[in-house]
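Keep the structure open as you read.

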Amino acid sequence: MTHDSHKEQSSKGANPQPTPLALPHPSPSNGRSETDPPQWQVHGSLSCSRAGMAGQLFRWYAGCMSTRPLLTNVCTAVPLMVCGDTLAQRIEGGGSDGPPRRSDLERTLTMACYSGLIFTPAFFSMYRWMDRSAVFRHPWIASKVRGAVARSLFSVGIGGLPVNAAFLTLATAIEMKVFRKKARDGESLSTVVVGKLETDLPRIMLGSITFWGPVNFLNFMYFTTTYRLIVTSTAACVWNCFLSLIQHEYVDVSETATLHTE
């Protein structure tokens, strides 16, 4: 046997040296590895992402307001009316001594139809007309403050009166004829409507001057035509609660509670 073959057999018979294992580095107590970015960077990235999404959503909304202003205003105003009526029903249900009442969906549907079919289109057209009308370009009211005061008074006095009268009439007619709601004293539809126009309409107009006067003044002072109805609809979330409370004072509460109690 040669010297090379003997050397080869000796190398085969030798025990191989074990390869040392690479142990992982101990993780910090919070479960994060050393290669992870710091928490402030992660939170900052999330905040930037949310801000970016909010900016994209606002730009999309502004684009809809420019291309389809009436439809966008209607789609904004109707959910706000639903919120206002829901709040009104919560207030009414909270003061009831009887069994708890469920939400009156027929009532909410009536209020939503009024907001989408009457209130929003009417004030949308009125705002556009005031911006184009020569009356509001008169030198005496050409200043920003006087113009805002004049437009606010016109909105409340001239625009609010027929819109609120139409609301009391149509909402009562729909609720009594379509949804078969009954008045507390068993009165007819015509009697209820006449009573509302005599007693409720002055209350609504007084509340409209108190609430909408300052809101409209600020609206005409600081917002453009495109976004004025959005401001009006947002403020209307509070106003709708008051309007719904007055509108449904005539309803027989005991019958409504019986119909909507499980």
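**From one glutamine to the aromatic rings**

Gln247 sits in helix 7 (residues 225–247). Helices here are DSSP runs of H or I, at least four residues, numbered from the N terminus. This is a predicted model: local features need pLDDT of at least 70, side-chain atom pairs count only at pLDDT 80 or more, and totals for chains, interfaces and linings use all residues. Residues are numbered from 1 along each chain as its sequence is written, and side-chain values use heavy atoms, with hydrogens and water left out.

Gln247 has 0% relative accessibility, so it counts as buried (under 20% relative accessible area, 1.4 Å probe, protein chains only). Leaving aside neighbours within four places in sequence, Gln247 contacts Phe167, Leu168, Ala171, Thr172, Glu175 and Lys196 (heavy atoms within 4.5 Å).

Now take helix 4 (residues 105–132) and helix 5 (residues 144–178). They pack at about 155 degrees, with axes 10 Å apart. Axes are lines fitted to C-alpha atoms over the stretch in contact, and angles run from 0 to 180 degrees between N-to-C directions. Helix 4 and helix 5 are therefore roughly antiparallel (angles over 145 degrees).

The structure holds 12 aromatic pairs (ring centres of Phe, Tyr or Trp, its six-membered ring, within 6.5 Å). Phe119 and Phe123 form a tilted pair, 4.8 Å centre to centre with 40 degrees between the planes. Phe119 and Phe123 are both buried. One aromatic cluster includes Phe119, Phe123 and Phe167.

Methods: Helix = DSSP H or I, 4+ residues; strand = E, 2+ residues; numbered from the N terminus. Parallel < 35°, antiparallel > 145°, perpendicular 65-115°, else oblique. Buried < 20%, exposed > 50% of the residue type's maximum accessible area, 1.4 Å probe, protein only. Phe/Tyr/Trp six-rings, centres within 6.5 Å; stacked < 30°, edge-to-face > 60°.
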